[in-house]
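Here is a friendly tour of one model, meant to be read with the coordinates open beside you. Please have a look at the structure before reading on.

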Amino acid sequence: MSRIPVLRSSFHGLKVEIAYNNAIAKTRPRIVFCTFRSPYRGRNTIKKHEIIPQNTDLPPALPKKKKKPYPVPLKKIQQAARADKKLAEMGIEKPLEPPKNGLLAQDLIPVAYQVLDSWKVLIKGLAQLMHVVPVHACSECSEIHVGLIGHDIQDCRGTTSGARRSHHLWIKASINDVLIPIESYHMFDPFGRRIKHETRFNYDRIPAVVELCIQAGVELQEYPSRRRTEPIRMIGRKVVEMGGIVEEPPLCGSLGAELDTHSASGRFPPPPKEEVPAVARETLFAYERVKWGVRKLMRKYTVKACGYCSEVHVGPWGHNAKLCGEFKHQWRDGKHGWQDATVDEVFPPNYVWHVEDPTGPALTSGLKRFYGKAPAVVEVCVQAGASVPEKYKPMMRLDIVVPEDEEARLIA
């Protein structure tokens with residue numbers, strides 16, 4: 001039997017062959033059509049490596065005269081609300097899983113303790129490194145800079161920036177300038193009475209990361225929390241069974257010094273010179289550990305953030321304190337516009353300019369497009385001797401050679 005080169009075409013898993021066969025040719029002389037199904041090769045299980053771009057830009061700054069975008073699409077929020085309303089009209093309880101029903105998620109308790117331990121290491125290590133690595137802060141705006149001298153980039157937005165042609169007024173920075181303190185009200189019972197504007201002084205404010213760990217199962221003597229044994233029951237948005245109101249016990253004291261950034265630089269002395277790189281690596285690992293743990297906890301535990309200001313509340317619903325002073329706060333009588341929070345709102349990265357040569361000349365506005373940025377904690381640790389993590393290399397633009405001032409205009 002003689003054959004011609006096979007013509008193959010695939011459709012619906014079928015392949016077609018054309019062959020010469022003098023004995024069984026039917027459609028046309030010496031031609032027969034044969035079809036067969038290709039064998040199933042199975043699902044391709046080879047995972048593609050995550051492609052890291054060469055250079056990336058930071059997310060654009062959100063306008064202050066506009067509400068923040070919702071982390072969850074509005075259409076999904078409306079669909080969930082309609083589903084809850086339909087169940088409520090039928091008198092069916094809303095199905096809730098821990099921790100939405102007030103019980104602890106047992107698999108996240110070890111994660112909460114890891115986050116709290118890493119938070120302590122982060123505060124201690126950053127306070128020690130700031131004795132070694134100089135950090136500057138602008139006295140008129142929120143800009144900070146890590147380096148021997150402050151940069152000359154004209155991007156100050158302070159009240160008197162016009163008289164200074166947008167140049168910064170640099171002073172010595174504190175740990176709160178690098179690690180932005182995002183605080184939240186401590187709630188003994190997150191599902192209990194909501195905080196009113198008149199009762200806001202009855203509640204202490206602690207770091208939001210610490211409050212998230214407490215509600216996730218961490219036991220602190222200074223700040224107790226109610227641990228439920230029976231789940232709450234809800235029909236729609238109404239709580240029909242919550243186990244009664246339990247009076248909050250009196251506070252035993254203030255937050256531990258190792259969990260608070262206040263005056264941390266004075267509590268921790270500078271490390272020995274030979275131990276600085278090790279402290280930098282340990283601090284950078286603790287920073288990544290806290291960020292990883294907060295992201296994992298927020299997948300289950302509800303955290304609310306104001307859509308207009310930086311206020312954050314850890315709990316199933318926000319408080320009623322009228323403290324918002326941002327865009328159109330008069331229309332809301334000072335109330336916050338609560339929506340689901342993101343990780344960067346609870347644990348902000350606080351990006352700063354990356355300085356490739358700390359002993360070199362100051363950064364200038366003319367070469368601004370050649371510079372990269374990095375989170376402030378990462379920049380401090382890198383200048384102290386830690387290696388740059390892979391995921392921060394694109395935004396730091398390590399592969400770009402910064403030209404001289406007179407060469408910048410010749411570059412396309």
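Which residues form a nonpolar patch on the surface, and what is their accessible area together? Tyr70, Val72, Leu74 and Ile77 form this patch, with about 310 Å² between them. Areas come from the Shrake-Rupley method with a 1.4 Å probe, and for residues only the protein chains shown count as cover.

A word on the ground rules. This is a predicted model, in which local features need pLDDT of at least 70 and side-chain atom pairs count only at pLDDT 80 or more, while totals for chains, interfaces and linings use all residues. Residues are numbered from 1 along each chain as its sequence is written, and side-chain values use heavy atoms, leaving out hydrogens and water.

Tyr70 sits in the loop between strand E2 (32-37) and helix H1 (74-89); helices (H or I, at least four residues) and strands (E, at least two) are DSSP runs numbered from the N terminus.

| Residue | Relative accessible area | Class |
|---|---|---|
| Tyr70 | 39% | partly exposed |
| Cys309 | 14% | buried |
| Asp333 | 48% | partly exposed |
| Cys381 | 0% | buried |
| Arg397 | 17% | buried |

Now the backbone. Most residues other than glycine have a negative phi, and most peptide bonds are trans. Asp333, in the loop between strand E11 (312-314) and strand E12 (338-340), has a positive phi near 55 degrees. Arg397, in the loop between helix H9 (393-396) and helix H10 (405-408), also has a positive phi near 55 degrees. Pro98 and Pro99 are joined by a cis peptide bond with omega of about 5 degrees, and Pro99 lies in the loop between H1 and helix H2 (109-129).

How many disulfides are there? The count is zero, where a disulfide is a pair of cysteine sulfur atoms within 2.5 Å. The sulfur of Cys309 has its closest cysteine sulfur in Cys306, at 3.5 Å, so the two are too far apart for a bond.

Note on methods:
Buried means under 20% relative accessible area, exposed over 50%, partly exposed in between (1.4 Å probe, protein chains only). Patches are made of residues with over 30% relative accessible area and no salt bridge: like charges are joined within 9 Å, nonpolar side chains (Val, Leu, Ile, Met, Phe, Trp, Tyr) within 5 Å. A salt bridge is a side-chain nitrogen of Lys or Arg within 4 Å of a carboxyl oxygen of Asp or Glu.
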